Amino acid sequence: FSVVQKAGGDNWIGLPSTSYLTNTTTTTFLAAQMTGGKLSVYTSTAATPGSLVTPTATALFAAIQGAYVGLKWIFRVINDVATNSLTVTADGSVTLSGKTTYVATPYGSMDFEMTFTSPTAATMKYIGGGQSTTV
């Protein structure tokens, strides 16, 4: 994957290359959970994952020091539960497109390209995913 560089330089806005987080509850993502790296990976181990909701685009923008319109990163959601589906939904300021639900498969994943279209709006585009019955 690639992350858009800031115009005129190679400043990656201080995002680390990868961020890994695991949570056992179904909730609204914290901005830091979605913006921790150029590739941010969130693993849900909730017994009933249900639905996870994005924070506002404004909160996401504020979570990245030096964020700018056009900044892109990859957000991966992993469903680590064999018997229940996980659905990603978006706050009204985040436009979600493509696949949003991963059915009950251990380590099923969905990858999204995140893009700021303004300091108060973002897109979240499904770009692929996979499944595995082992880690």
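F29 and Y42 are both buried in this predicted model. Their ring centres lie 4.8 Å apart with the planes at 90 degrees, so the pair is edge-to-face. Together with F75, F29 and Y42 make up one aromatic cluster. In total, the structure contains five aromatic pairs.

Another of the aromatic contacts involves W73 and F116. The centres of these two rings are 5.1 Å apart and the planes make an angle of 45 degrees, so this pair is classed as tilted. W73 is part of strand β4 and F116 part of strand β8, so the contact ties together parts of the chain that are 43 residues apart in sequence. W73 has a relative accessibility of 1% and counts as buried. F116 is also buried, with a relative accessibility of 1%. A pair of aromatic rings is described by the distance of the centres and the angle of the planes.

Six of the eight residues of β4 are buried, so the strand is largely enclosed by the rest of the structure. How does β4 pair with β2 and with β8? With β2 (residues 39-44), β4 pairs in the parallel sense, over six bridges; S44 has N79 of β4 as its bridge partner. With β8, β4 pairs in the antiparallel sense, over eight bridges. Within this second pairing, R76 stands opposite D111 of β8. Strands of a sheet pair through backbone hydrogen bonds, either parallel or antiparallel.

The side chains of R76 and D111 also meet, in a salt bridge with an N to O distance of 2.6 Å. This pair links distant parts of the chain, with R76 in β4 and D111 in β8, 35 residues apart. The two partners fall into separate accessibility classes: R76 is partly exposed, with a relative accessible area of 27%, whereas D111, at 13% relative accessibility, counts as buried. The cut-off applied here is that buried means under 20% relative accessible area.

The structure holds two salt bridges. Besides R76 and D111, the side chains of E113 and K72 meet in a salt bridge, at 3.8 Å from N to O. E113 lies in β8 (residues 108-118) and K72 in β4 (residues 72-79), so this pair ties together parts that are 41 residues apart in sequence. E113 is partly exposed, with a relative accessible area of 21%. K72 is partly exposed as well, at 24% relative accessibility.

β5 and β7 run antiparallel and are joined by two bridges. L86 has Y102 of β7 as its bridge partner.

The loop between β5 (86-89) and β6 (94-97) contains S93. Which residues does S93 contact, leaving aside its neighbours within four places in sequence? They are T56, A57, T120, A121 and A122. For A57 there is a polar approach: its backbone nitrogen lies 2.8 Å from a polar atom of the S93 side chain.

The chain as a whole gives the setting for these details. Its secondary structure comes to two helices and nine strands, which follow one another along the sequence in the pattern β-α-β-β-α-β-β-β-β-β-β. Among contacts between residues at least 6 apart in sequence, 63% join residues at least 24 apart. Of the 135 residues, 41% count as buried. The accessible surface of the protein chain is about 6,300 Å², and 54% of this area belongs to carbon and sulfur atoms.

Notes
Residues are numbered from 1 along each chain as its sequence is written. This is a predicted model: local features need pLDDT of at least 70, side-chain atom pairs count only at pLDDT 80 or more; totals for chains, interfaces and linings use all residues. Side-chain values use heavy atoms; hydrogens and water are left out. A salt bridge is a side-chain nitrogen of Lys or Arg within 4 Å of a carboxyl oxygen of Asp or Glu. Helices (H or I, at least four residues) and strands (E, at least two) are DSSP runs, numbered from the N terminus. Buried means under 20% relative accessible area, exposed over 50%, partly exposed in between (1.4 Å probe, protein chains only). Two strands pair if DSSP finds at least two bridges between them. Contact means heavy atoms within 4.5 Å. Accessible areas come from the Shrake-Rupley method with a 1.4 Å probe; for residues, only the protein chains shown count as cover. Rings of Phe, Tyr and Trp (its six-membered ring) pair if their centres lie within 6.5 Å; planes under 30 degrees apart count as stacked, over 60 as edge-to-face and the rest as tilted. A polar contact is a pair of N or O atoms within 3.5 Å; within protein, one must be able to donate a hydrogen and the other to accept it, and residues adjacent in sequence count only if both atoms are side-chain atoms.
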